[in-house]
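Let's work through some charged side-chain pairs together. Have a look at the structure, then try each exercise before reading its solution.

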Amino acid sequence: MNQTLAKPSQVISTLNGLIEINRDAQKGFQDAAERIAAPEIKAFCSEQSRSRAHYVGELQTLVLSLGDEPETSGTVTGALRRGWMDLKAAFGGGDRAILNVIEAGEDHAIIEYDKALAKVLPSDVKGVVEHQCKSVKLTHDKIKALRDSVKK
């Protein structure tokens, strides 16, 4: 079946959705880095926060190249997830509980990236989205491994 290229407005909407997801992840990883006790996990979360900020910049550049204004904020769901992380940390959930919240956020990000890649995107956009998706999936797997290595 020959699919047609997504309309520019659809591409922009898709990119803005990914910007919101990455803003959420950026803030979530930053919050986690501030709360996690284990130094190596804290450093990993800080690194991921910087990485997601970079992804936001890449996606915003693509939106600008399509002649529109990029999204500048995250989602309500992301804010709620960070609030849940705060609550778990406040009640002594520890690093494992925080990593559970981060993993859930990464699960959501993977779903959104997969939805974006199911569309017929311009090749330059698709290349960026594919690269970021691969990285998000690797980060998800690392978070899961870290979570499983932390004592309850």
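Buried means under 20% relative accessible area, exposed means over 50%, and partly exposed lies in between (1.4 Å probe, protein chains only). The model is predicted, so local features need pLDDT of at least 70 and side-chain atom pairs count only at pLDDT 80 or more, while totals for chains, interfaces and linings use all residues. Residues are numbered from 1 along each chain as its sequence is written, and side-chain values use heavy atoms, leaving out hydrogens and water.

**Exercise 1.** Find how many salt bridges there are.

Solution. Start with the rule: a side-chain nitrogen of Lys or Arg must lie within 4 Å of a carboxyl oxygen of Asp or Glu. Applying this rule gives seven salt bridges.

**Exercise 2.** Work out where Glu130 and Lys126 sit relative to each other in helix H5, and classify the exposure of Glu130.

Solution. Helices are DSSP runs (H or I, at least four residues), numbered from the N terminus. Glu130 and Lys126 are four residues apart in helix H5, so about one helical turn separates them. Their side chains form a salt bridge, 4.0 Å from N to O. Glu130 is partly exposed at 40% relative accessibility, and Lys126 is partly exposed at 33%.

**Exercise 3.** Trace the network of salt bridges that includes Arg147.

Solution. First, Arg147 pairs with Glu103, with the closest N and O atoms 2.1 Å apart. This pair links distant parts of the chain, helix H5 (residues 123-149) and helix H4 (residues 94-117), 44 residues apart. Arg147 is buried at 12%, and Glu103 is buried at 9%. Next, Asp148 forms a salt bridge with Arg147 at 2.7 Å; Asp148 is partly exposed at 45%. Together, Glu103, Arg147 and Asp148 make up the network.

Conventions: Helices (H or I, at least four residues) and strands (E, at least two) are DSSP runs, numbered from the N terminus.
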